[in-house]
Amino acid sequence: PGAYKIQAVCKMIEPIRHAKYPAITMEEEAISIPLQTLALAIFDCVLVRMLQIIAPRTWQPLKHSLCDAFNKNKSQQVINILAKSYDDADIIFIQEAAASFVDHAKGGLGSKYMVLRPYVLDGYRNQNSMILARKDKFLEGSRADLTEQVGRLAGGRWTAPGDLCAIAIKGVDGSRYLLASFHGDTNGLATIPVLKALNEAFTKSYPDHIVIFGLDANTHKQNSVNCQGIADFQQKFSEMGFASCWGPSPGVQTWTTRNARTYLQPQLQKAVGISDAARKGEVNLKDWIIFYDNQMTAVKSARDNTGNREFAESMVFPTLKFPSDHAIVSCTLERNEYLHRRPR
């Protein structure tokens, strides 16, 4: 914080790694920076030319309003929602946050929450996993960063800096906790390896800890070699002794994403026309809270895509008032041996 480095925009572009995206060949990885530069230049030229023709006076003000909501002021909007609607939560798992979110969270929520982050943050993609832990429930001086250890157990290839945050911490009640927040790759192929690594870390090194894992698993309706399906994910984590906030048989109707991308963004393979937004938009159950079924029981779970602890089934999001393309998932957990204690 307070330190700035001036550099050319092209120096901020990172290679697209074969290790993270297996569909990318090593040859494509080697030319990925100049290829990205060329593709972005072509894409920008097309967009500017098109918008100058169809909306010469209105497209830039509209762009500024969207940038304010989804980029410039996004972190503060998220902080405002958490402070207004979720300030009773003991643990908050965050994914895909900008590195600057750390300072925003400390400023807006720091009186109640510790901001737990991995030692290495991603300042390029700005997709960081973090955890907010309530100060009156956890001991500040007891935290230990296990992110690197869990990443190594996953084989190293499945996580980039910022994707995973794994923290061991002691509760004020004397219990020890292993908390983890994770954002998987687009197709969800990294989710199972990371979950196995977390299970291995618990089994070998932290068997006296209570494990709670909040994640954007990027699970999809159908399972395939190239895509992690919901039912297969459920089966695999159940075999490891885990349960989830969605119960033993989560259905595809319990979706946490409902978005439809326009053609005015670079991932054209995900774009749909406005008339097909409801039918062809991305509607999937991607977000989970996972725990060992012999440690905890989920007694209440909910989704929220408004920021007001409400869920609008027909609404496509993000919106100007709710800047995330994933719903907030909340869950009340009960300790199996101490049913009167309720980590939220």
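Which residue in E7 is the bridge partner of alanine 180? The partner is phenylalanine 213. The model described here is predicted.

## The sheet

Six strands form an open sheet with mixed pairing, in the order E4-E5-E6-E7-E11-E8. Strands E4 (144-145) and E8 (242-244) stand at the edges; each has a single partner strand, so one side of each lacks a neighbour in the sheet. Helix H7 (residues 191-205) packs on this sheet and touches E5, strand E6 (176-183), strand E7 (209-216), E8 and strand E11 (287-292). The direction of H7 makes about 170° with that of E7. Helix H8 (residues 230-239) lies across E7, E8 and E11, and runs at about 15° to E11.

E6 and E7, in contrast, pair in the parallel sense, over 8 bridges.

## Strand E7 and its cover

Strand E7 is mostly covered, with 8 of its 8 residues buried. In a regular strand, side chains alternate between the two faces of the sheet. On one side of E7 are His209, Val211, Phe213 and Leu215, and on the other Ile210, Ile212, Gly214 and Asp216. Both faces are covered, and these residues are all buried.

Aspartate 185 lies in the loop between E6 and H7. Is this residue buried or exposed? Aspartate 185 counts as buried because its relative accessibility is 7%, under the 20% cut-off. Leaving aside neighbours within four places in sequence, aspartate 185 is in contact with Lys20, Ala190 and Asn218.

## A nonpolar surface patch

Ile31, Leu35, Leu38, Ile42 and Val46 form a nonpolar patch on the surface. Together they have about 460 Å² of accessible area. Isoleucine 31 is found in the loop between helix H1 (26-30) and helix H2 (32-54). With a relative accessible area of 45%, isoleucine 31 is partly exposed.

## Salt bridges

How many salt bridges are there? The count comes to 11. Side chains of opposite charge can pair when their charged atoms come close. One of the bridges joins the side chains of lysine 112 and aspartate 87, at 3.1 Å from N to O. Lysine 112 lies in the loop between helix H5 (101-109) and strand E2 (113-116), and aspartate 87 in the loop between helix H4 (74-85) and strand E1 (91-97), so the pair ties together parts that are 25 residues apart in sequence. Lysine 112 is partly exposed at 34% relative accessibility, and aspartate 87 is partly exposed at 29%.

Another salt bridge joins lysine 204 and glutamate 200, whose closest N and O atoms are 2.7 Å apart. Both residues are in helix H7; because they are 4 residues apart, about one helical turn separates them. Lysine 204 is exposed, with a relative accessible area of 63%, whereas glutamate 200 is partly exposed, with 26%. In the salt bridge between arginine 303 and glutamate 313, the closest N and O atoms are 3.0 Å apart. This pair links distant parts of the chain, 10 residues apart: arginine 303 is in strand E12 (residues 296-304), and glutamate 313 is in the loop between E12 and strand E13 (328-335). Arginine 303 is buried, with a relative accessible area of 17%, whereas glutamate 313 is partly exposed, with 42%.

Note on methods:
Residues are numbered from 1 along each chain as its sequence is written. This is a predicted model: local features need pLDDT of at least 70, side-chain atom pairs count only at pLDDT 80 or more; totals for chains, interfaces and linings use all residues. Side-chain values use heavy atoms; hydrogens and water are left out. Two strands pair if DSSP finds at least two bridges between them. Helices (H or I, at least four residues) and strands (E, at least two) are DSSP runs, numbered from the N terminus. Contact means heavy atoms within 4.5 Å. Axes are lines fitted to C-alpha atoms, for helices over the stretch in contact, and angles run from 0 to 180 degrees between N-to-C directions. Patches are made of residues with over 30% relative accessible area and no salt bridge: like charges are joined within 9 Å, nonpolar side chains (Val, Leu, Ile, Met, Phe, Trp, Tyr) within 5 Å. Accessible areas come from the Shrake-Rupley method with a 1.4 Å probe; for residues, only the protein chains shown count as cover. A salt bridge is a side-chain nitrogen of Lys or Arg within 4 Å of a carboxyl oxygen of Asp or Glu. Buried means under 20% relative accessible area, exposed over 50%, partly exposed in between (1.4 Å probe, protein chains only).
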